[in-house]
Amino acid sequence: MGIGTSNFVIRWINLLTMLLAIAVIIFGVWMSTHHDSCRRSLTLPVLGLGGFIFVMFIVTNNGSGHYAPGLRYKEYELQDFSSWFLKQLNDTQNWKRLKSCLVKSDDCNNLSKKYKTLKQYKSAKLTPIEAGCCRPPSECGYPAVSASYYDLSFHPISSNRDCKLYKNSGATKCYNCDSCKAGVAQYMKTEWRVVAIFNVILFVILSMIYFVGCCARRNAATNHSKA
């Protein structure tokens, strides 16, 4: 999928997500106008779900990333994400905890095991965290010696401060870089959207079960009163 096509699809997904949130909220308001206790009892859950999807759309809308020449994966910039993400990831304590998890995960140290040759590494489709935390940004221009080692004697061609922060050490890598924070933000965005979709599906299923049960109880009560 080309860059233009990918961005087009992302824009449509974002638009549909927003429309879904609005539709759910309108549905919740409509249900609140009915005297039917079964419908009215679901007003707050429906409105809450709509609000959740809408907030999720706002928070995760940005940060689509960009392709660097010759790479099969995207690189992300922290400023592309919402102000909420910026605040959370730039918080010293929050990032200290996240960074310790990244170091323990061994994702970066395992790259040399996954890609034993430089050719394999350069043609790999890295994850946002691998691309942002395990290597210096492409704009730095550091030559890759292997999947876990870069020639830092090369003078960086960019003024990006991440170029100076990157080290080949497994405990350092680019964990203090803005590119790493951006990679984590993209990972969180993707995971949260999966959670949002799962919640919508789960809510629809539970709503159907609730309506069937509610209607069955109401019919049983009506038949009992007639008897």
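Predicted model: local features only at pLDDT ≥ 70, side-chain atom pairs only at ≥ 80, totals over all residues.
A disulfide is a pair of cysteine sulfur atoms within 2.5 Å. By that criterion, a search of the whole structure finds 4 disulfides.

## Overall make-up

The protein has 227 residues, of which 34% count as buried. Its secondary structure comprises 10 helices and 4 strands. Read from the N terminus, the elements follow the order α-α-α-β-β-α-α-α-α-α-β-β-α-α. Among contacts with a separation of 6 or more, 59% come from residues 24 or more positions apart. The accessible surface amounts to about 13400 Å², and carbon and sulfur atoms contribute 64% of that area.

## Disulfides

| Disulfide | S to S distance | Handedness and torsion about the S-S bond |
|---|---|---|
| cysteine 133 and cysteine 180 | 2.0 Å | right-handed, 90 degrees |
| cysteine 140 and cysteine 163 | 2.0 Å | left-handed, about -90 degrees |
| cysteine 174 and cysteine 177 | 1.9 Å | left-handed, about -90 degrees |

A disulfide joins cysteine 133 to cysteine 180. This pair links distant parts of the chain, 47 residues apart: cysteine 133 belongs to helix α8 (residues 128-133), and cysteine 180 to helix α10 (residues 178-226). Cysteine 133 and cysteine 180 are both buried.

Cysteine 140 is joined to cysteine 163 in another disulfide. Here too the link connects distant parts of the chain, with cysteine 140 in the loop between α8 and β3 (144-146) and cysteine 163 in helix α9 (residues 162-165), 23 residues apart. What is the handedness of the disulfide of cysteine 140 and cysteine 163? The torsion about its S-S bond is about -90 degrees, so the disulfide is left-handed. Cysteine 140 has a relative accessible area of 0% and is therefore buried. Cysteine 163, with a relative accessible area of 2%, is buried as well.

The disulfide of cysteine 174 and cysteine 177 has its sulfur atoms 1.9 Å apart. This link is left-handed because the torsion about the S-S bond is about -90 degrees. Cysteine 174 counts as buried, at 0% relative accessibility. Cysteine 177 likewise counts as buried, at 0% relative accessibility.

## Salt bridges

The count of salt bridges comes to 3. In one of them, arginine 135 pairs with glutamate 75, and the closest N and O atoms are 2.6 Å apart. The two partners lie in distant parts of the chain, 60 residues apart, with arginine 135 in the loop between α8 and β3 and glutamate 75 in strand β2 (residues 74-75). Are these two partners buried or exposed? Arginine 135 and glutamate 75 are both buried.

Glutamate 130 forms a salt bridge with lysine 114, for which the closest N and O atoms are 3.0 Å apart. Distant parts of the chain are again linked: glutamate 130 is in helix α8 and lysine 114 is in helix α6 (residues 111-114), 16 residues apart. Glutamate 130 is buried, because its relative accessible area of 6% falls under the 20% limit. Lysine 114 counts as partly exposed, because its relative accessibility of 46% lies between the limits of 20% and 50%.

Arginine 161 and aspartate 178 also meet through their side chains in a salt bridge, with an N to O distance of 3.4 Å. Arginine 161 sits in the loop between β4 (149-150) and α9, and aspartate 178 in helix α10, so the pair ties together parts that are 17 residues apart in sequence. Arginine 161 counts as partly exposed at 44% relative accessibility. Aspartate 178 is also partly exposed, with a relative accessible area of 26%.

## Phenylalanine 85

Phenylalanine 85 is placed in helix α4 (residues 83-90). Why does phenylalanine 85 count as buried? Its relative accessible area is 0%, and buried means under 20%. How far apart in space are phenylalanine 85 and alanine 185? Their C-alpha to C-alpha distance is 6.8 Å, although phenylalanine 85 and alanine 185 are 100 residues apart in sequence.

Notes:
Residues numbered from 1 in each chain as written. Heavy atoms only, no water. Helix = DSSP H or I, 4+ residues; strand = E, 2+ residues; numbered from the N terminus. Buried < 20%, exposed > 50% of the residue type's maximum accessible area, 1.4 Å probe, protein only. Contact = heavy atoms within 4.5 Å. Areas by Shrake-Rupley, 256 points an atom, 1.4 Å probe, with all protein chains shown as cover. Salt bridge = Lys/Arg side-chain N within 4 Å of Asp/Glu carboxyl O.
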